[in-house]
Amino acid sequence: MSEQGSPKILLGVSGGIAAYKTPELVRRLVAGGAAVQVVMTAAAASFVTPLTLQAVSGRPVRSDLLAPEAEAGMDHIALARWADAVLLAPATAHLIARLAHGLADDLLTTLVLATTAPVTIAPAMNQQMWLHPATLANVHRLAQHGCRLLGPASGAQACGDTGPGRMLEPADIAATMLAGVVDTERALAGVPVLLTAGPTREAIDPVRFVGNRSSGKMGYALAAALARAGARVTLISGPVHLPCPAGVSRVSVESAAEMHAAVMARVADCALFIAAAAVADYRPAAPWPAKLKKDADHLTLALVRNADILAEVAARPDKPFTVGFAAETEAIERHAREKLARKGLDMIAANRVGAAAGGFEADDNALTVLWPGGGKSLALMPKPALATALVALIAERYATSASS
Ligand code: PMT
């Protein structure tokens, strides 16, 4: 992976108050075995000195795009090629905006355009700036370009405000980066994965159905992230308006019964099962064979229970590593822990639904990921970036279970 076999992380530092935490971040990355090359924007030097970062990284800090001595050796293209991973921390609103628009007006933005290494962004800014539609649109755009987002965290800010926009703590960023650079690309190479996504439709008559608000965005983002991690993905999808992600094999179904049959026909061949679909718990007991006429003033629809696909997979003697989702409106962690235990799952990813942000239909989401004896919160971010972070966690837990 590097000259000495250590992962090479290029840390881009931009000009926000959280830059004062970067010496600690570098120290932790280096202690974790990474080689760290720091590149600073001009504004970053107002918050932390290049000399400090040079001392902790053990490498000269770079900031000039056109430095004659660097152009003869480690120029921006060489830096872009050197990196196994690029980390931007803190990433200010200005840096995020420049990257989202493909600007290349300094060394850092130029090398981000030139690199093929995965790019991780740890935003840090005032909460109002973070919540501004322009910033959220820029972040969304970067997620669509494949950038991974870490944070921001929520809490007290240097400016006196309280809210989302704090850079994650250096220990958390370093731990995620170090886990990520160890074979991020192909963490699930060749692993057969069965994944459900989208809603189900339960027929009332030939033209009407009982359905739900799932758009499939979360599940499809997961399918794409799993395929990028090298998995062989079969996606059992309810009716959605999304194209099938590259490298994924899709089986389209409509009802919970069809989804159940499609899963059970394939589950013996998968090593990992992930249930992201919003499966109807009930279906009309006796769908009308012809279009129902509106003759009656009152109509009662009798419903019967559908099979719980996830619980049935997790109860198999040859059960794959099984990951469920939980859609909750309150007491998220408590309800999700209860589902994890009751259904005998290896992991569960819980999300809040019915709130202003995240959940059904939204482009962004946040997850509380739990497993027996542990857990991790993934902050609100665009679903593609969230899916990448969730797949990294699943890959870690899957590898641990396979080796125990
Ligand atoms: O599709 P989006 O618009 O992007 O929205 C994403 C999402 C909110 C749908 C997704 O993130 C999510 O939470 N999916 C699971 C929704 C759900 O049905 O949650 P639940 O708590 O009711 O079910 C728990 C688990 O059991 C889920 O993994 C579900 O797939 C599974 N289940 C439920 C019922 C059933 N009959 N069979 C199942 O397999």
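This is a predicted model: local features need pLDDT of at least 70, side-chain atom pairs count only at pLDDT 80 or more; totals for chains, interfaces and linings use all residues.
Eight strands form an open sheet with mixed pairing, in the order β12-β11-β8-β13-β16-β17-β18-β19. Its edges are β12, residues 248–252, and β19, residues 374–382, each of which pairs on one side only. From one strand to the next, the twist averages 15 degrees.

Strand β13 covers residues 272–275 and strand β16 covers residues 321–328; the two pair in the parallel sense over four bridges.

Helix α11, residues 256–266, lies across β8 (192–197), β11 (232–237), β12 and β13. Relative to β11, helix α11 runs at about 160 degrees.

A further pairing involves β6 and β7. Strand β6 (residues 153–156) and strand β7 (residues 162–166) are joined by four bridges in the antiparallel sense. Gly155 stands opposite Gly163 in β7. The two strands, β6 and β7, form a hairpin with five residues between them. In the turn, Gly160 has a positive phi of about 100 degrees.

Helix α1 may be considered next. It spans residues 22–31, and its buried residues are Thr22, Pro23, Leu25, Val26 and Leu29. Because these residues cover an arc of only 160 degrees around the axis, they lie on the same side of α1. The helix is followed by Gly33, which has a positive phi, near 100 degrees.

The cysteines remain. How many disulfides does the model contain? The count comes to zero, a disulfide being a pair of cysteine sulfur atoms within 2.5 Å. Cys244 is in no disulfide, since its nearest cysteine sulfur, that of Cys270, is 17 Å away and the cut-off is 2.5 Å. Is Cys244 buried or partly exposed? Cys244 counts as partly exposed because its relative accessibility is 29%, and buried requires a value under 20%. Cys147, by contrast, has a relative accessible area of 13% and is therefore buried.

How values were computed
Residues are numbered from 1 along each chain as its sequence is written. Side-chain values use heavy atoms; hydrogens and water are left out. Buried means under 20% relative accessible area, exposed over 50%, partly exposed in between (1.4 Å probe, protein chains only). The arc is that of the directions from the helix axis to the C-beta atoms. Two strands pair if DSSP finds at least two bridges between them. Axes are lines fitted to C-alpha atoms, for helices over the stretch in contact, and angles run from 0 to 180 degrees between N-to-C directions. Contact means heavy atoms within 4.5 Å.
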